[in-house]
Amino acid sequence: MEYLIVRLAEIKNRKDVTNDQGQIIGTEIKFNFLADRDLMVGGDNQGTTNQTVELTRGTHTITLGPPMDFTPKSLKVVLKDTTVISPMEVRFEKI
Amino acid sequence: MKRFNSRQYRMLSLALIVLAVAGCAHYPKNQPLEDPSAAVTYDFSRFDQQTDADETFVVLAFSGGGTRAAGLSYGVLKELKNTKLPGTDRSVLSEVDVISTVSGGSFTGAYYALFGDRIFVDYEAKFLKRNIQGELAGKVLNPYNWFRLASPYFSRIDLAAELYDQTVFESASFGDLAQQATRPFLIINATNLYQGARFEFTDPQFRYLGSDIGSYPVARAVAASSAFPFLLSPVSLVNYAKPAGYELSEKDQDALADYWYNKRSYYSVYNNFIYAEPRGHENHPYLHLMDGGLADNIGLRAIYDLYVRKGVRRKINQGQIKRFLAIVVNARADNPAKIDKKESPPGLITVGFKTATLSLDNYSFETVEMFKELAAQRIRNQATLNDCQQKIDQHCRNKFKINSLKGGDMKLYVTDLTFDSIPLESPAPGIKGRNYYNELPTTFYLPADQVESLIAAGGWLLKENPDFKDFLSEYQP
(Lines give C-alpha, C1' and ligand atoms only; values in the text may rest on other atoms or scores of the structure.)
Protein backbone atom coordinates (compact mmCIF):
# COMPACT_ATOMS: atom_id res chain seq x y z
CA MET A 1 0.00 0.00 0.00
CA GLU A 2 1.04 3.66 -0.51
CA TYR A 3 0.40 6.87 1.36
CA LEU A 4 -1.01 10.21 0.30
CA ILE A 5 -1.82 13.48 2.03
CA VAL A 6 -3.76 16.22 0.29
CA ARG A 7 -3.93 19.86 1.34
CA LEU A 8 -6.14 22.74 0.37
CA ALA A 9 -4.04 25.84 0.76
CA GLU A 10 -4.37 29.55 0.30
CA ILE A 11 -1.48 31.88 -0.34
CA LYS A 12 -0.67 33.86 2.76
CA ASN A 13 2.39 35.67 1.55
CA ARG A 14 4.39 35.94 -1.67
CA LYS A 15 7.91 37.39 -1.66
CA ASP A 16 10.61 37.69 -4.29
CA VAL A 17 13.91 36.05 -3.44
CA THR A 18 17.02 37.95 -4.57
CA ASN A 19 20.73 37.15 -4.76
CA ASP A 20 23.60 39.26 -3.48
CA GLN A 21 23.46 41.36 -6.64
CA GLY A 22 19.81 42.14 -6.04
CA GLN A 23 18.64 39.99 -8.96
CA ILE A 24 15.35 38.16 -8.50
CA ILE A 25 16.09 34.45 -8.55
CA GLY A 26 12.83 33.05 -7.29
CA THR A 27 9.65 33.49 -5.33
CA GLU A 28 8.96 32.44 -1.76
CA ILE A 29 5.33 31.58 -1.17
CA LYS A 30 3.87 30.92 2.24
CA PHE A 31 0.66 28.95 2.43
CA ASN A 32 -2.04 28.54 5.02
CA PHE A 33 -3.41 25.04 5.05
CA LEU A 34 -7.16 25.26 5.29
CA ALA A 35 -9.65 23.20 7.28
CA ASP A 36 -10.52 19.65 6.30
CA ARG A 37 -12.32 19.11 3.02
CA ASP A 38 -13.70 15.87 1.59
CA LEU A 39 -11.09 14.02 -0.43
CA MET A 40 -12.25 12.28 -3.62
CA VAL A 41 -10.01 9.65 -5.22
CA GLY A 42 -11.16 7.92 -8.38
CA GLY A 43 -14.67 9.19 -7.68
CA ASP A 44 -14.79 7.69 -4.16
CA ASN A 45 -14.80 9.63 -0.91
CA GLN A 46 -11.52 8.59 0.70
CA GLY A 47 -11.58 10.65 3.87
CA THR A 48 -10.45 14.24 4.17
CA THR A 49 -7.55 16.53 3.48
CA ASN A 50 -4.86 17.09 6.13
CA GLN A 51 -4.58 13.41 7.09
CA THR A 52 -2.57 10.65 5.48
CA VAL A 53 -4.68 8.07 3.67
CA GLU A 54 -3.70 4.60 2.54
CA LEU A 55 -4.23 3.69 -1.13
CA THR A 56 -2.99 1.18 -3.69
CA ARG A 57 0.19 1.77 -5.64
CA GLY A 58 -0.47 3.31 -9.04
CA THR A 59 -2.53 5.99 -10.75
CA HIS A 60 -5.16 7.97 -8.89
CA THR A 61 -7.32 10.92 -9.96
CA ILE A 62 -7.73 13.28 -7.03
CA THR A 63 -10.11 16.11 -6.42
CA LEU A 64 -11.88 17.72 -3.47
CA GLY A 65 -15.48 17.83 -2.34
CA PRO A 66 -17.63 20.93 -2.87
CA PRO A 67 -17.53 23.88 -3.07
CA MET A 68 -15.46 23.84 -6.26
CA ASP A 69 -13.39 26.84 -5.18
CA PHE A 70 -9.98 25.40 -5.84
CA THR A 71 -7.49 24.83 -8.63
CA PRO A 72 -6.67 22.65 -10.43
CA LYS A 73 -10.06 20.94 -10.68
CA SER A 74 -8.41 17.53 -10.44
CA LEU A 75 -4.96 16.00 -10.42
CA LYS A 76 -3.76 12.67 -11.70
CA VAL A 77 -0.84 11.25 -9.69
CA VAL A 78 1.14 8.02 -9.60
CA LEU A 79 1.54 6.86 -6.01
CA LYS A 80 4.69 4.85 -5.44
CA ASP A 81 7.66 4.50 -3.09
CA THR A 82 5.95 6.36 -0.27
CA THR A 83 5.94 5.57 3.44
CA VAL A 84 3.49 6.31 6.20
CA ILE A 85 6.03 8.83 7.63
CA SER A 86 6.67 10.42 4.22
CA PRO A 87 3.48 10.27 2.18
CA MET A 88 3.16 11.93 -1.21
CA GLU A 89 1.87 15.45 -0.61
CA VAL A 90 -0.54 16.99 -3.11
CA ARG A 91 -1.72 20.57 -2.87
CA PHE A 92 -4.79 22.33 -4.26
CA GLU A 93 -4.97 26.09 -4.11
CA LYS A 94 -8.06 27.98 -3.00
CA ILE A 95 -9.29 30.53 -5.53
CA MET B 1 -53.38 -52.34 -39.23
CA LYS B 2 -54.76 -50.65 -36.17
CA ARG B 3 -55.88 -47.07 -36.77
CA PHE B 4 -55.59 -44.35 -34.12
CA ASN B 5 -58.80 -42.71 -33.14
CA SER B 6 -59.02 -38.90 -33.01
CA ARG B 7 -58.42 -38.80 -29.25
CA GLN B 8 -55.23 -40.82 -29.60
CA TYR B 9 -54.09 -38.57 -32.45
CA ARG B 10 -54.66 -35.53 -30.23
CA MET B 11 -52.67 -37.10 -27.36
CA LEU B 12 -49.85 -38.06 -29.70
CA SER B 13 -49.77 -34.58 -31.25
CA LEU B 14 -49.73 -32.98 -27.80
CA ALA B 15 -46.88 -35.25 -26.70
CA LEU B 16 -44.88 -34.40 -29.83
CA ILE B 17 -45.46 -30.67 -29.29
CA VAL B 18 -44.33 -30.91 -25.66
CA LEU B 19 -41.22 -32.81 -26.66
CA ALA B 20 -40.45 -30.36 -29.47
CA VAL B 21 -40.76 -27.45 -27.04
CA ALA B 22 -38.57 -29.30 -24.55
CA GLY B 23 -36.00 -29.82 -27.28
CA CYS B 24 -35.88 -26.04 -27.81
CA ALA B 25 -35.07 -25.49 -24.15
CA HIS B 26 -32.80 -22.50 -23.46
CA TYR B 27 -31.04 -21.37 -20.31
CA PRO B 28 -32.60 -18.24 -18.75
CA LYS B 29 -30.68 -15.26 -20.08
CA ASN B 30 -29.43 -12.36 -18.00
CA GLN B 31 -31.31 -9.18 -18.88
CA PRO B 32 -29.82 -6.10 -20.58
CA LEU B 33 -29.26 -2.89 -18.63
CA GLU B 34 -31.56 -0.32 -20.18
CA ASP B 35 -30.32 2.83 -18.48
CA PRO B 36 -26.72 3.11 -17.19
CA SER B 37 -27.66 6.07 -15.05
CA ALA B 38 -30.25 3.95 -13.24
CA ALA B 39 -29.59 3.61 -9.54
CA VAL B 40 -27.15 0.87 -8.73
CA THR B 41 -28.99 -2.14 -7.43
CA TYR B 42 -26.85 -4.90 -5.95
CA ASP B 43 -23.66 -3.19 -4.80
CA PHE B 44 -21.93 -2.83 -1.41
CA SER B 45 -22.42 0.94 -1.50
CA ARG B 46 -26.19 0.38 -1.22
CA PHE B 47 -25.73 -1.60 1.95
CA ASP B 48 -24.36 1.31 3.92
CA GLN B 49 -25.49 1.81 7.47
CA GLN B 50 -25.05 4.53 10.06
CA THR B 51 -21.34 5.25 10.38
CA ASP B 52 -20.75 4.13 13.97
CA ALA B 53 -22.27 0.73 13.13
CA ASP B 54 -19.15 -0.01 11.08
CA GLU B 55 -16.76 0.45 14.00
CA THR B 56 -16.62 -3.34 14.17
CA PHE B 57 -16.39 -4.67 10.63
CA VAL B 58 -16.63 -8.44 10.16
CA VAL B 59 -16.13 -10.31 6.89
CA LEU B 60 -16.52 -14.03 6.26
CA ALA B 61 -15.02 -16.09 3.43
CA PHE B 62 -16.60 -19.53 2.82
CA SER B 63 -14.57 -21.95 0.72
CA GLY B 64 -15.64 -24.58 -1.76
CA GLY B 65 -15.92 -28.27 -0.95
CA GLY B 66 -19.49 -29.39 -1.56
CA THR B 67 -21.66 -30.26 1.44
CA ARG B 68 -18.48 -30.51 3.53
CA ALA B 69 -17.91 -26.76 3.00
CA ALA B 70 -21.61 -25.90 3.41
CA GLY B 71 -21.78 -27.78 6.73
CA LEU B 72 -18.53 -26.36 8.10
CA SER B 73 -19.51 -22.76 7.27
CA TYR B 74 -22.97 -23.33 8.78
CA GLY B 75 -21.28 -24.51 11.99
CA VAL B 76 -19.25 -21.29 12.06
CA LEU B 77 -22.42 -19.20 11.61
CA LYS B 78 -24.04 -21.03 14.54
CA GLU B 79 -21.03 -20.34 16.77
CA LEU B 80 -21.01 -16.66 15.74
CA LYS B 81 -24.68 -16.44 16.69
CA ASN B 82 -23.98 -18.01 20.07
CA THR B 83 -21.02 -15.73 20.84
CA LYS B 84 -21.79 -12.35 22.37
CA LEU B 85 -19.59 -9.33 21.87
CA PRO B 86 -18.14 -8.72 25.36
CA GLY B 87 -20.03 -6.10 27.33
CA THR B 88 -22.99 -6.12 24.92
CA ASP B 89 -26.07 -8.19 24.24
CA ARG B 90 -25.23 -8.38 20.53
CA SER B 91 -23.96 -11.53 18.88
CA VAL B 92 -20.85 -11.47 16.69
CA LEU B 93 -23.11 -12.74 13.89
CA SER B 94 -25.13 -9.50 14.01
CA GLU B 95 -21.90 -7.64 13.16
CA VAL B 96 -21.15 -9.63 9.99
CA ASP B 97 -21.00 -7.14 7.12
CA VAL B 98 -19.79 -9.13 4.10
CA ILE B 99 -19.83 -12.81 3.17
CA SER B 100 -17.79 -13.94 0.16
CA THR B 101 -18.50 -17.47 -1.02
CA VAL B 102 -17.33 -20.17 -3.38
CA SER B 103 -19.03 -23.39 -4.49
CA GLY B 104 -20.37 -25.36 -1.49
CA GLY B 105 -19.90 -22.34 0.76
CA SER B 106 -22.20 -20.36 -1.56
CA PHE B 107 -25.23 -22.38 -0.45
CA THR B 108 -24.75 -21.42 3.19
CA GLY B 109 -23.78 -17.81 2.47
CA ALA B 110 -26.67 -17.21 0.07
CA TYR B 111 -29.21 -18.87 2.35
CA TYR B 112 -28.18 -16.70 5.30
CA ALA B 113 -28.06 -13.50 3.23
CA LEU B 114 -31.58 -14.16 1.90
CA PHE B 115 -33.34 -15.61 4.92
CA GLY B 116 -31.31 -14.47 7.95
CA ASP B 117 -31.83 -16.40 11.17
CA ARG B 118 -34.27 -18.73 9.46
CA ILE B 119 -31.14 -20.61 8.42
CA PHE B 120 -30.97 -22.02 11.96
CA VAL B 121 -34.51 -23.39 11.63
CA ASP B 122 -34.70 -25.11 8.28
CA TYR B 123 -31.39 -25.05 6.39
CA GLU B 124 -30.30 -28.47 7.60
CA ALA B 125 -33.48 -30.06 6.24
CA LYS B 126 -33.67 -27.92 3.11
CA PHE B 127 -30.12 -28.47 2.02
CA LEU B 128 -27.43 -29.90 4.31
CA LYS B 129 -29.06 -33.27 4.98
CA ARG B 130 -30.61 -33.71 1.54
CA ASN B 131 -29.14 -35.92 -1.14
CA ILE B 132 -28.78 -33.07 -3.62
CA GLN B 133 -26.61 -34.97 -6.03
CA GLY B 134 -29.04 -37.91 -5.98
CA GLU B 135 -31.87 -35.53 -6.82
CA LEU B 136 -29.80 -34.01 -9.60
CA ALA B 137 -29.06 -37.45 -11.01
CA GLY B 138 -32.79 -38.17 -10.88
CA LYS B 139 -33.52 -35.06 -12.92
CA VAL B 140 -30.91 -36.10 -15.51
CA LEU B 141 -32.45 -39.56 -15.74
CA ASN B 142 -36.00 -38.17 -16.18
CA PRO B 143 -36.90 -38.85 -19.84
CA TYR B 144 -38.63 -35.44 -20.18
CA ASN B 145 -35.31 -33.77 -19.43
CA TRP B 146 -33.49 -35.81 -22.10
CA PHE B 147 -35.26 -33.72 -24.76
CA ARG B 148 -34.39 -30.52 -22.91
CA LEU B 149 -30.76 -31.63 -22.55
CA ALA B 150 -30.67 -32.38 -26.27
CA SER B 151 -30.89 -28.63 -26.85
CA PRO B 152 -27.42 -27.06 -27.23
CA TYR B 153 -28.64 -24.19 -25.02
CA PHE B 154 -29.70 -26.24 -22.01
CA SER B 155 -27.45 -28.47 -19.95
CA ARG B 156 -26.95 -30.23 -16.63
CA ILE B 157 -26.12 -27.00 -14.80
CA ASP B 158 -29.47 -25.54 -15.82
CA LEU B 159 -31.24 -28.52 -14.29
CA ALA B 160 -29.19 -27.98 -11.14
CA ALA B 161 -30.05 -24.27 -11.05
CA GLU B 162 -33.75 -25.13 -11.41
CA LEU B 163 -33.52 -27.57 -8.51
CA TYR B 164 -31.78 -25.01 -6.26
CA ASP B 165 -34.21 -22.27 -7.32
CA GLN B 166 -37.32 -24.30 -6.60
CA THR B 167 -36.31 -26.23 -3.50
CA VAL B 168 -33.66 -24.10 -1.69
CA PHE B 169 -33.76 -20.42 -2.65
CA GLU B 170 -37.51 -19.97 -3.29
CA SER B 171 -36.95 -18.25 -6.66
CA ALA B 172 -35.18 -15.31 -5.00
CA SER B 173 -33.29 -12.86 -7.18
CA PHE B 174 -30.52 -10.33 -6.57
CA GLY B 175 -33.24 -7.69 -6.77
CA ASP B 176 -34.73 -9.25 -3.62
CA LEU B 177 -31.35 -8.99 -1.88
CA ALA B 178 -30.98 -5.38 -3.06
CA GLN B 179 -34.44 -4.51 -1.75
CA GLN B 180 -33.63 -5.96 1.65
CA ALA B 181 -30.41 -3.90 1.64
CA THR B 182 -29.47 -5.37 5.01
CA ARG B 183 -26.04 -6.69 5.91
CA PRO B 184 -24.36 -9.02 5.25
CA PHE B 185 -23.58 -8.10 1.68
CA LEU B 186 -23.17 -11.37 -0.21
CA ILE B 187 -20.55 -11.90 -2.91
CA ILE B 188 -20.95 -15.18 -4.83
CA ASN B 189 -17.84 -16.03 -6.84
CA ALA B 190 -17.53 -18.04 -10.04
CA THR B 191 -14.73 -18.38 -12.60
CA ASN B 192 -14.77 -16.96 -16.12
CA LEU B 193 -13.51 -19.86 -18.26
CA TYR B 194 -12.04 -17.51 -20.89
CA GLN B 195 -9.34 -15.91 -18.72
CA GLY B 196 -9.64 -17.99 -15.55
CA ALA B 197 -10.51 -14.72 -13.79
CA ARG B 198 -12.78 -14.39 -10.79
CA PHE B 199 -16.34 -13.35 -11.63
CA GLU B 200 -18.49 -11.98 -8.84
CA PHE B 201 -22.28 -11.67 -8.91
CA THR B 202 -22.62 -7.97 -8.13
CA ASP B 203 -24.02 -4.96 -9.96
CA PRO B 204 -20.63 -3.46 -10.97
CA GLN B 205 -19.59 -6.83 -12.51
CA PHE B 206 -22.86 -7.15 -14.42
CA ARG B 207 -22.59 -3.58 -15.69
CA TYR B 208 -19.41 -4.52 -17.55
CA LEU B 209 -21.71 -6.88 -19.50
CA GLY B 210 -24.34 -4.20 -20.08
CA SER B 211 -26.60 -6.35 -17.92
CA ASP B 212 -28.92 -5.74 -14.98
CA ILE B 213 -28.36 -8.13 -12.09
CA GLY B 214 -31.67 -7.24 -10.40
CA SER B 215 -33.70 -9.96 -12.11
CA TYR B 216 -30.97 -12.62 -12.03
CA PRO B 217 -31.81 -15.65 -9.84
CA VAL B 218 -29.56 -16.22 -6.83
CA ALA B 219 -29.87 -19.95 -7.54
CA ARG B 220 -28.15 -19.56 -10.93
CA ALA B 221 -25.29 -17.67 -9.31
CA VAL B 222 -24.89 -20.45 -6.73
CA ALA B 223 -25.06 -23.01 -9.53
CA ALA B 224 -22.29 -21.19 -11.44
CA SER B 225 -20.19 -20.93 -8.29
CA SER B 226 -20.50 -24.68 -7.70
CA ALA B 227 -20.33 -25.92 -11.32
CA PHE B 228 -17.67 -28.55 -10.70
CA PRO B 229 -15.67 -29.24 -13.88
CA PHE B 230 -16.78 -32.25 -15.97
CA LEU B 231 -19.55 -33.26 -13.55
CA LEU B 232 -21.51 -30.10 -14.29
CA SER B 233 -21.50 -27.74 -17.23
CA PRO B 234 -20.86 -23.95 -17.31
CA VAL B 235 -23.45 -21.25 -16.67
CA SER B 236 -23.59 -18.88 -19.63
CA LEU B 237 -24.18 -15.13 -19.65
CA VAL B 238 -24.79 -12.73 -22.52
CA ASN B 239 -22.52 -9.71 -23.00
CA TYR B 240 -24.78 -6.96 -24.35
CA ALA B 241 -23.95 -3.85 -26.30
CA LYS B 242 -23.51 -1.08 -23.78
CA PRO B 243 -26.35 1.45 -23.61
CA ALA B 244 -25.80 5.08 -24.62
CA GLY B 245 -24.07 7.02 -21.88
CA TYR B 246 -22.17 4.04 -20.52
CA GLU B 247 -18.54 4.67 -19.63
CA LEU B 248 -15.91 3.17 -17.40
CA SER B 249 -15.57 4.72 -13.96
CA GLU B 250 -12.70 7.09 -13.24
CA LYS B 251 -11.16 4.47 -10.94
CA ASP B 252 -11.26 1.85 -13.70
CA GLN B 253 -9.71 4.26 -16.19
CA ASP B 254 -6.87 4.95 -13.74
CA ALA B 255 -6.34 1.21 -13.23
CA LEU B 256 -5.99 0.67 -16.98
CA ALA B 257 -3.03 3.08 -16.89
CA ASP B 258 -1.32 0.96 -14.25
CA TYR B 259 0.23 -1.88 -16.22
CA TRP B 260 3.76 -0.95 -15.01
CA TYR B 261 2.78 0.18 -11.51
CA ASN B 262 0.17 -2.24 -10.27
CA LYS B 263 -0.59 -5.30 -12.36
CA ARG B 264 -3.23 -6.56 -9.89
CA SER B 265 -5.26 -3.37 -10.38
CA TYR B 266 -4.60 -3.40 -14.10
CA TYR B 267 -5.75 -6.96 -14.74
CA SER B 268 -8.71 -6.78 -12.36
CA VAL B 269 -10.09 -4.06 -14.65
CA TYR B 270 -8.66 -5.30 -17.96
CA ASN B 271 -10.35 -8.70 -17.55
CA ASN B 272 -13.67 -6.83 -17.49
CA PHE B 273 -12.72 -4.11 -19.97
CA ILE B 274 -12.62 -6.62 -22.83
CA TYR B 275 -16.38 -7.05 -22.30
CA ALA B 276 -17.15 -3.41 -21.53
CA GLU B 277 -15.28 -1.73 -24.40
CA PRO B 278 -17.34 -0.38 -27.32
CA ARG B 279 -16.91 -3.54 -29.42
CA GLY B 280 -16.82 -5.91 -26.50
CA HIS B 281 -20.24 -7.38 -27.26
CA GLU B 282 -19.02 -8.29 -30.77
CA ASN B 283 -15.62 -9.69 -29.77
CA HIS B 284 -16.88 -11.45 -26.63
CA PRO B 285 -20.65 -11.90 -26.92
CA TYR B 286 -20.87 -14.57 -24.18
CA LEU B 287 -19.24 -15.62 -20.94
CA HIS B 288 -19.15 -19.13 -19.59
CA LEU B 289 -18.76 -19.51 -15.86
CA MET B 290 -17.69 -22.47 -13.78
CA ASP B 291 -16.84 -23.34 -10.19
CA GLY B 292 -15.44 -20.31 -8.36
CA GLY B 293 -12.77 -22.57 -6.88
CA LEU B 294 -10.91 -22.57 -10.19
CA ALA B 295 -9.97 -18.89 -9.61
CA ASP B 296 -10.02 -18.77 -5.80
CA ASN B 297 -11.27 -21.65 -3.68
CA ILE B 298 -11.60 -19.72 -0.43
CA GLY B 299 -13.46 -16.59 -1.51
CA LEU B 300 -10.79 -14.35 0.01
CA ARG B 301 -9.91 -12.47 -3.19
CA ALA B 302 -13.21 -10.61 -3.12
CA ILE B 303 -12.46 -9.55 0.47
CA TYR B 304 -8.95 -8.51 -0.58
CA ASP B 305 -10.36 -6.30 -3.36
CA LEU B 306 -12.83 -4.68 -0.94
CA TYR B 307 -10.01 -4.06 1.53
CA VAL B 308 -7.41 -2.57 -0.80
CA ARG B 309 -9.45 -0.62 -3.31
CA LYS B 310 -13.23 -0.82 -2.86
CA GLY B 311 -15.87 -0.33 -0.13
CA VAL B 312 -13.79 -1.35 2.91
CA ARG B 313 -10.86 0.89 1.82
CA ARG B 314 -13.27 3.81 1.63
CA LYS B 315 -14.51 3.12 5.16
CA ILE B 316 -10.96 2.77 6.55
CA ASN B 317 -9.93 6.08 4.98
CA GLN B 318 -13.06 7.72 6.36
CA GLY B 319 -12.09 6.51 9.83
CA GLN B 320 -15.26 4.44 10.22
CA ILE B 321 -13.62 1.11 11.09
CA LYS B 322 -12.01 0.66 14.50
CA ARG B 323 -11.65 -3.11 14.40
CA PHE B 324 -11.63 -5.40 11.35
CA LEU B 325 -12.17 -9.15 11.66
CA ALA B 326 -11.82 -11.54 8.71
CA ILE B 327 -12.85 -15.18 9.23
CA VAL B 328 -11.73 -17.57 6.49
CA VAL B 329 -13.58 -20.91 6.62
CA ASN B 330 -11.50 -23.30 4.54
CA ALA B 331 -13.03 -26.77 4.17
CA ARG B 332 -10.04 -28.12 2.27
CA ALA B 333 -9.72 -31.84 2.89
CA ASP B 334 -6.14 -33.03 2.90
CA ASN B 335 -6.75 -36.68 2.28
CA PRO B 336 -4.02 -38.66 4.11
CA ALA B 337 -1.58 -39.62 1.42
CA LYS B 338 -1.75 -43.13 0.19
CA ILE B 339 0.16 -42.43 -3.01
CA ASP B 340 3.53 -42.33 -1.30
CA LYS B 341 2.96 -45.68 0.39
CA LYS B 342 3.20 -47.50 -2.94
CA GLU B 343 6.31 -48.21 -4.90
CA SER B 344 4.53 -47.86 -8.25
CA PRO B 345 3.69 -44.30 -9.36
CA PRO B 346 0.04 -43.17 -9.13
CA GLY B 347 -2.32 -43.82 -12.06
CA LEU B 348 -3.87 -41.37 -14.52
CA ILE B 349 -6.97 -40.57 -12.45
CA THR B 350 -4.98 -39.81 -9.29
CA VAL B 351 -2.49 -37.69 -11.23
CA GLY B 352 -5.33 -35.88 -12.99
CA PHE B 353 -7.14 -35.15 -9.71
CA LYS B 354 -3.95 -34.00 -7.99
CA THR B 355 -3.06 -31.78 -10.97
CA ALA B 356 -6.46 -30.11 -10.67
CA THR B 357 -6.32 -29.56 -6.92
CA LEU B 358 -2.67 -29.05 -5.92
CA SER B 359 -2.20 -25.60 -7.44
CA LEU B 360 -5.65 -24.59 -6.18
CA ASP B 361 -4.66 -25.51 -2.59
CA ASN B 362 -1.26 -23.80 -2.88
CA TYR B 363 -2.91 -20.64 -4.20
CA SER B 364 -5.44 -20.63 -1.35
CA PHE B 365 -2.64 -20.93 1.21
CA GLU B 366 -0.69 -18.04 -0.36
CA THR B 367 -3.83 -15.87 -0.52
CA VAL B 368 -4.45 -16.27 3.20
CA GLU B 369 -0.81 -15.53 4.04
CA MET B 370 -0.83 -12.49 1.74
CA PHE B 371 -3.93 -11.11 3.43
CA LYS B 372 -2.44 -11.71 6.89
CA GLU B 373 0.69 -9.81 5.80
CA LEU B 374 -1.47 -6.93 4.54
CA ALA B 375 -3.12 -6.69 7.96
CA ALA B 376 0.26 -6.96 9.70
CA GLN B 377 1.65 -4.17 7.50
CA ARG B 378 -1.13 -1.82 8.59
CA ILE B 379 -0.51 -2.63 12.27
CA ARG B 380 3.25 -2.10 11.80
CA ASN B 381 2.71 1.25 10.08
CA GLN B 382 0.42 2.45 12.84
CA ALA B 383 3.03 1.43 15.42
CA THR B 384 5.83 3.11 13.43
CA LEU B 385 3.90 6.36 13.30
CA ASN B 386 3.22 6.31 17.03
CA ASP B 387 6.81 5.38 17.89
CA CYS B 388 8.24 8.14 15.68
CA GLN B 389 5.98 10.75 17.24
CA GLN B 390 7.02 9.58 20.70
CA LYS B 391 10.70 9.92 19.80
CA ILE B 392 10.11 13.42 18.44
CA ASP B 393 8.17 14.44 21.55
CA GLN B 394 10.95 13.04 23.70
CA HIS B 395 13.99 14.47 21.92
CA CYS B 396 12.92 17.53 19.93
CA ARG B 397 12.24 20.92 21.38
CA ASN B 398 9.84 22.07 18.68
CA LYS B 399 6.40 20.57 18.88
CA PHE B 400 6.53 18.90 15.48
CA LYS B 401 3.61 16.61 14.69
CA ILE B 402 3.80 13.89 12.04
CA ASN B 403 0.73 13.75 9.81
CA SER B 404 -1.71 11.31 11.39
CA LEU B 405 -2.96 8.25 9.47
CA LYS B 406 -6.67 8.29 8.73
CA GLY B 407 -8.36 5.43 10.52
CA GLY B 408 -6.01 5.80 13.46
CA ASP B 409 -5.06 2.71 15.41
CA MET B 410 -7.26 0.16 13.76
CA LYS B 411 -7.21 -3.36 15.16
CA LEU B 412 -7.08 -6.13 12.55
CA TYR B 413 -7.63 -9.86 12.98
CA VAL B 414 -7.40 -12.56 10.31
CA THR B 415 -8.85 -15.85 11.50
CA ASP B 416 -8.04 -18.87 9.36
CA LEU B 417 -10.14 -21.98 10.12
CA THR B 418 -8.97 -25.28 8.62
CA PHE B 419 -9.10 -28.95 9.56
CA ASP B 420 -5.31 -28.74 10.07
CA SER B 421 -6.03 -27.11 13.45
CA ILE B 422 -7.88 -30.19 14.70
CA PRO B 423 -5.64 -32.66 16.54
CA LEU B 424 -5.31 -36.22 15.26
CA GLU B 425 -7.16 -37.44 18.36
CA SER B 426 -10.63 -36.10 19.14
CA PRO B 427 -10.10 -32.87 21.13
CA ALA B 428 -13.62 -32.59 22.61
CA PRO B 429 -16.91 -34.51 22.80
CA GLY B 430 -18.68 -34.36 19.44
CA ILE B 431 -15.50 -33.42 17.56
CA LYS B 432 -13.72 -36.15 15.61
CA GLY B 433 -9.98 -36.34 14.97
CA ARG B 434 -8.43 -34.54 12.00
CA ASN B 435 -8.30 -37.48 9.61
CA TYR B 436 -12.06 -38.01 9.89
CA TYR B 437 -12.70 -34.59 8.33
CA ASN B 438 -9.89 -34.91 5.80
CA GLU B 439 -11.44 -38.11 4.51
CA LEU B 440 -14.86 -36.58 3.90
CA PRO B 441 -15.47 -36.48 0.14
CA THR B 442 -16.32 -33.45 -1.98
CA THR B 443 -19.92 -34.29 -2.85
CA PHE B 444 -23.39 -32.82 -2.52
CA TYR B 445 -24.51 -35.57 -0.22
CA LEU B 446 -23.18 -36.56 3.17
CA PRO B 447 -24.93 -38.76 5.74
CA ALA B 448 -26.59 -36.85 8.59
CA ASP B 449 -24.02 -37.92 11.20
CA GLN B 450 -21.16 -36.54 9.05
CA VAL B 451 -23.05 -33.27 8.61
CA GLU B 452 -23.55 -33.03 12.39
CA SER B 453 -19.80 -33.59 12.91
CA LEU B 454 -18.98 -30.83 10.44
CA ILE B 455 -21.33 -28.37 12.13
CA ALA B 456 -19.73 -29.19 15.48
CA ALA B 457 -16.24 -28.83 13.99
CA GLY B 458 -17.05 -25.38 12.57
CA GLY B 459 -18.08 -24.14 15.99
CA TRP B 460 -15.08 -25.71 17.75
CA LEU B 461 -12.55 -24.36 15.20
CA LEU B 462 -13.84 -20.82 15.68
CA LYS B 463 -14.09 -20.98 19.44
CA GLU B 464 -10.52 -22.34 19.80
CA ASN B 465 -8.88 -20.05 17.26
CA PRO B 466 -6.27 -17.76 18.92
CA ASP B 467 -6.97 -14.80 16.63
CA PHE B 468 -10.70 -14.99 17.34
CA LYS B 469 -9.97 -15.23 21.07
CA ASP B 470 -7.78 -12.11 20.75
CA PHE B 471 -10.60 -10.29 18.96
CA LEU B 472 -13.01 -11.09 21.80
CA SER B 473 -10.57 -10.37 24.64
CA GLU B 474 -9.53 -7.00 23.13
CA TYR B 475 -13.07 -5.93 22.27
CA GLN B 476 -14.30 -2.85 24.11
CA PRO B 477 -17.82 -1.57 23.46
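Predicted model: local features only at pLDDT ≥ 70, side-chain atom pairs only at ≥ 80, totals over all residues.
Student: Let's start where the chains meet. How many residues of chain A are in contact with chain B, and how many of chain B with chain A?

Tutor: Chain A puts in 28 residues, and chain B puts in 26.

Student: How much area do chain A and chain B bury between them?

Tutor: About 2400 Å². Carbon and sulfur atoms carry 48% of it.

Student: And how many salt bridges and polar contacts are found across that interface?

Tutor: The rule finds 4 salt bridges between chain A and chain B. There are also 19 residue pairs in polar contact across the interface, counting pairs with both residues at pLDDT 80 or more.

Student: Which elements give two or more residues to chain A's side?

Tutor: Strands β1 (2-18), β4 (44-48), β5 (53-55), β6 (58-64) and β8 (75-79) of chain A. The largest share comes from β4(A), with 5 residues.

Student: What classes of residue are on that side of chain A?

Tutor: It has 9 nonpolar, 13 polar and 6 charged residues.

Student: Back to the salt bridges. Which residue of chain B does Lys76(A) pair with?

Tutor: Asp254(B). The closest N and O atoms of Lys76(A) and Asp254(B) are 2.8 Å apart.

Student: Why would side chains pair like that?

Tutor: Side chains of opposite charge can pair when their charged atoms come close.

Student: How many salt bridges does the structure hold over all chains?

Tutor: The total is 33. One of them joins Lys315(B) and Asp54(B), at 2.7 Å from N to O.

Student: Where do those two residues lie?

Tutor: Lys315(B) is in helix α15 (residues 311-317) of chain B. Asp54(B) is in the loop between β1 (31-32) and β2 (56-62) of chain B. So the pair ties together parts that are 261 residues apart in sequence.

Student: New topic: helices. At what angle do α2(B) and α4(B) cross?

Tutor: Roughly 170°. Helix α2 covers residues 66-82 of chain B, helix α4 covers residues 119-128, and their axes come within 12 Å.

Student: Which residues make the contact?

Tutor: From α2(B), they include Ala70(B), Tyr74(B) and Leu77(B). From α4(B), they include Ile119(B), Phe120(B) and Phe127(B). By class, the contact residues divide into 8 nonpolar, 2 polar and 3 charged.

Student: Now the backbone. Where are the prolines with cis peptide bonds?

Tutor: One cis bond joins Pro66(A) and Pro67(A), with omega about 5°. Pro67(A) lies in the loop between β6 and β7 (70-71) of chain A. Another runs from Thr71(A) to Pro72(A), with omega near -10°. Pro72(A) sits in the loop between β7 and β8 of chain A.

Student: What is phi of Glu170(B)?

Tutor: Near 50°, a positive value in a residue other than glycine. Glu170(B) is in the loop between α7 (156-167) and α8 (174-180) of chain B.

Terms used. Residues numbered from 1 in each chain as written. Chains lettered and ligands numbered in written order. Heavy atoms only, no water. Contact = heavy atoms within 4.5 Å. Buried area = accessible area lost by both parts, 1.4 Å probe. Salt bridge = Lys/Arg side-chain N within 4 Å of Asp/Glu carboxyl O. Polar contact = N/O pair within 3.5 Å; in protein donor to acceptor, adjacent residues only side chain to side chain. Helix = DSSP H or I, 4+ residues; strand = E, 2+ residues; numbered from the N terminus. Nonpolar A, V, L, I, M, F, W, Y, C, P; charged D, E, K, R; others polar. Axes fitted to C-alpha atoms, helices over the stretch in contact; angles between N-to-C directions.
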